[in-house]
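Here is a friendly walk through one protein model. Please keep the sequence and the 3D view open as you read.

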Amino acid sequence: GTCGLRPMASDDDQSKTRVVGGTNAQTGAWPWLVSIQDPATAGTGHLCGGSLISIQWVLTAAHCFVDAKNISSWRLVIGATQLTEPGPGVEVRHIKRLLVHEEYSAADQSNDIALLELDRPAMCNRYVQLSCVPNPTVNVPELQVCYVAGWGATTARAQQTSDVLQEAQVHLIDVKVCNSSDWYAGDVHTHNLCAGYPEGGIDTCQGDSGGPLMCKDNDADYFWVVGVTSWGKGCARAKRPGIYTSTQHFYDWI
């Protein structure tokens, strides 16, 4: 089967969309995006993002489930762009099973990855598609065109999440650079990816956790989900880019 394709997205509109510093995503732009929602939370209930990687499983971050209560009542909203008006192609599922990585550590956010099994399979349509997870043969550092997307806060101090899915283009930054003394000073793990801009301004933020860092294949039209949004110091600060869990590193686990 195919994955990582965006049937609703036209590549004609080359508007450089620069989520803090992002822009509204077009309907159907990122059809594997999942909004993980707790009905007990105010507003839309959105807590974290995720990616549909098969018809039965969603990939997300382990830290979204620290102190989580009653997750059987949580909603997984697939194929939405605007959460208050989900639209025709949306599928809503519930969590049948949560698998958090056995070695996840809340103290240093190592192995920050989790899988959610859906209570029933998702049905693919123009708004709901599977994402691709890079196998060990993909040369991830060479991927040039990368995006983040999520319903998280649009400013670092915002208390609420965004109603409309935000997207922004980012660049992969070498983890060695990210770990240098005036950046993250060694706090980034070898199984992390670092992405954003050295000068800041564009970044993932609260509520984007668990969502994807996506890079277009250099030779084809599909996207790889190369990272899971994990942590960062503040949002969109200079020399404090977003830190992501590398999906390729955890390919066998997934």
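## Cysteine pairs

Cys215 is buried, its relative accessible area being 0% (buried means under 20% relative accessible area, exposed over 50% and partly exposed in between, with a 1.4 Å probe and protein chains only). Its partner is Cys146, with 2.1 Å from S to S, and Cys146 is likewise buried at 0%. The torsion about their S-S bond is about 105°, so this disulfide is right-handed. Cys146 belongs to strand 9 (residues 146-150) and Cys215 to strand 12 (residues 212-216), so the bond ties together parts that are 69 residues apart in sequence. Helices (H or I, at least four residues) and strands (E, at least two) are DSSP runs, numbered from the N terminus.

A word on how to read all this: the model is predicted, so local features need pLDDT of at least 70 and side-chain atom pairs count only at pLDDT 80 or more, while totals for chains, interfaces and linings use all residues. Residues are numbered from 1 along each chain as its sequence is written, and side-chain values use heavy atoms, leaving out hydrogens and water.

## The other disulfides

How many disulfides does a search of the whole structure find? There are five, a disulfide being a pair of cysteine sulfur atoms within 2.5 Å. A disulfide also joins Cys178 to Cys194, with an S to S distance of 1.7 Å. Cys178 sits in helix 1 (residues 175-178) and Cys194 in strand 11 (residues 192-196), so this pair ties together parts 16 residues apart in sequence. Cys178 is buried at 0%, and Cys194 is buried at 1%.

Cys3 and Cys132 are joined too, at 2.1 Å from S to S. Their S-S torsion is about 115°, so this disulfide is right-handed. Cys3 is partly exposed at 27% relative accessibility, whereas Cys132 is buried at 2%. With the bonded cysteines numbered in sequence order, the pairing reads 1-4, 2-3, 5-9, 6-7, 8-10. Cys124 is in no disulfide, and the nearest cysteine sulfur, that of Cys3, is 11 Å away.

## Aromatic rings

Next come the rings. The whole structure holds seven aromatic pairs. Rings of Phe, Tyr and Trp (its six-membered ring) pair if their centres lie within 6.5 Å; planes under 30 degrees apart count as stacked, over 60 as edge-to-face and the rest as tilted. Phe65 and Trp74 are stacked, 5.5 Å centre to centre with 25° between the planes. Phe65 is buried at 9%, and Trp74 is buried at 3%.

Ring pairs also link Trp30, Trp32, Tyr147 and Phe223 into a cluster. Arg6 lies over the face of Trp30, 4.3 Å from the ring centre. Elsewhere, the charged end of Arg240 sits over the ring of Tyr184, 5.9 Å from its centre. A charge sits over a ring if NZ of Lys or CZ of Arg is within 6 Å of the ring centre and within 35 degrees of the ring normal.

## The largest cavity

Which residues line the largest cavity? Trp30 is one of them, alongside Gly28, Ala29, Pro31, Gly79, Ala80, Thr81, Tyr127 and Leu165. About 30 Å³ of space lies inside this cavity. On a 1 Å grid over the protein atoms alone, a cavity is a set of points where a 1.4 Å probe fits but cannot get out, and lining residues have an atom within 4 Å of a point.

The lining divides into six nonpolar, three polar and no charged residues. Here Ala, Val, Leu, Ile, Met, Phe, Trp, Tyr, Cys and Pro count as nonpolar, Asp, Glu, Lys and Arg as charged, and the others, Gly among them, as polar.

How values were computed: On a 1 Å grid over the protein atoms alone, a cavity is a set of points where a 1.4 Å probe fits but cannot get out, and a pocket is an open set with protein on both sides within 12 Å along at least five of seven lines; lining residues have an atom within 4 Å of a point. Grid points are joined across faces, edges and corners, and a volume is the space filled by probe spheres set on the points.
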